[in-house]
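User: I would like to learn how to read some features of a structural model. Please take them one at a time, with the general idea before the case.

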Amino acid sequence: MLEKMNMGADLGGVVRRDVFELPEWSVREAITNAVVHRSYVERSSVQVALYDDRLEVSSPGGIVRGFSLDRALSGQSRPRNEALAQAFLYMGLIEGWGSGIPRIMHELGERGLRAPEFLDIDGMLRVNMWRPSAEQFGAYLHGQAVTDAPGKIANSLASDNKSDNKDNKSDNNTGVSSEERALLAMLAKDPSITQARMAESFGLSRSTVTLMLAHLQQAGLVRREGSRKAGTWVVVDGDGQ
């Protein structure tokens, strides 16, 4: 799969380093998760497909019964095949249950790429990882911020944030993407907004918004106060307030 992706070179260090357009660890993690968590009762196989705009990894069986996609995106885990998961953990192929999705989000965010999309459809759990354009990949290799990733939120949303300098610092330190910065601006304006309204406003799927929120919470930039249904969002400033 990697040999079919675009590859460039990072010449910033003493030794040349080959770099793929999508982070290698994230690609490996998406495929490993598909193998570990798939349903082996189903006759279909794990499917990995590379399109012009995305890498698509599909795992038979969908989300484990009694679990939910939202819980998986928040970093929780319920392995369908626990013995297999333990074996992969022992071999070092996975680092810890529930850590994979947040790290994929973080790695893609560090490059300014669009947040991955997770879909539970037709008995398949599908992960879409969006490929950068040649211009965006070139900008990343030259150490420039990638701000025009596919599916970006309208510039008018991003410009609503009055702390541009602080946001740029957050980008460097936590891998927060331009989409997530715009989401922070929306949460600051409307702390009681629902995820459904966020998804509608941004033109993104509900699962993508859930993943973005999980990453922002993990980065310490936003927290949830109150109950899941009646609570509000609090955007955390530089002093943790």
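**Core, strands and a loop**

Analyst: Leu22, Met129, Leu183, Leu187 and Met198 touch the most other members of the largest nonpolar core, which has 42 residues. A nonpolar core is a set of buried Ala, Val, Leu, Ile, Met, Phe, Trp, Tyr and Cys residues joined through side-chain atoms within 4.5 Å. Buried means under 20% relative accessible area, exposed over 50%, and partly exposed in between, with a 1.4 Å probe and protein chains only. The model is predicted: local features need pLDDT of at least 70 and side-chain atom pairs count only at pLDDT 80 or more, while totals for chains, interfaces and linings use all residues. Residues are numbered from 1 along each chain as its sequence is written, and side-chain values use heavy atoms, with hydrogens and water left out.

User: Which elements give two or more residues to this core?

Analyst: In soluble globular proteins, nonpolar side chains tend to be buried together. Here the contributors of two or more residues are α1, β4 (54–60), α2 (69–73), α4 (100–110), β6 (124–130), α8 (178–189), α9 (195–202) and α10 (206–218). α10 gives the most, with five residues. Helices (H or I, at least four residues) and strands (E, at least two) are DSSP runs numbered from the N terminus; the chain has ten helices and eight strands.

User: What is Met198 in contact with, leaving aside neighbours within four places in sequence?

Analyst: Contact means heavy atoms within 4.5 Å. With those neighbours left aside, Met198 is in contact with Leu183, Met186, Leu187, Ile193, Val209, Leu213 and Trp233.

User: How should I read the strand pairing of β6?

Analyst: Two strands pair if DSSP finds at least two bridges between them. β4 and β6 run antiparallel and are joined by seven bridges, with Arg54 opposite Trp130. β5 (residues 117–121) also pairs with β6 in the antiparallel sense, over five bridges, and there Leu119 has Arg126 as its bridge partner. β5 and β6 form a hairpin with two residues between them, and Asp122 in the turn has a positive phi of about 50 degrees.

User: Why is β6 largely enclosed by the rest of the structure?

Analyst: β6 is described that way because five of its seven residues are buried. For the chain as a whole, 44% of the 241 residues count as buried.

User: Which charges sit over rings?

Analyst: The test is that NZ of Lys or CZ of Arg is within 6 Å of the ring centre and within 35 degrees of the ring normal. Arg38 lies over the face of Tyr40, at 4.5 Å from the ring centre. The charged end of Arg54 sits over the ring of Tyr51, 4.2 Å from its centre.

User: Is Tyr40 buried, exposed or partly exposed, and what does Tyr40 touch?

Analyst: Tyr40 lies in the loop between α1 and β3 and counts as partly exposed, at 47% relative accessibility. Not counting residues up to four places away in sequence, Tyr40 touches Val35, Asn81 and Leu84. A polar contact is a pair of N or O atoms within 3.5 Å; within protein, one must be able to donate a hydrogen and the other to accept it, and residues adjacent in sequence count only if both atoms are side-chain atoms. A polar side-chain atom of Tyr40 lies 2.8 Å from the backbone oxygen of Val35.

User: Is Ser39 buried or exposed?

Analyst: Ser39 is buried, with a relative accessible area of 9%. A polar atom of the Ser39 side chain lies 3.4 Å from the backbone nitrogen of Val41.
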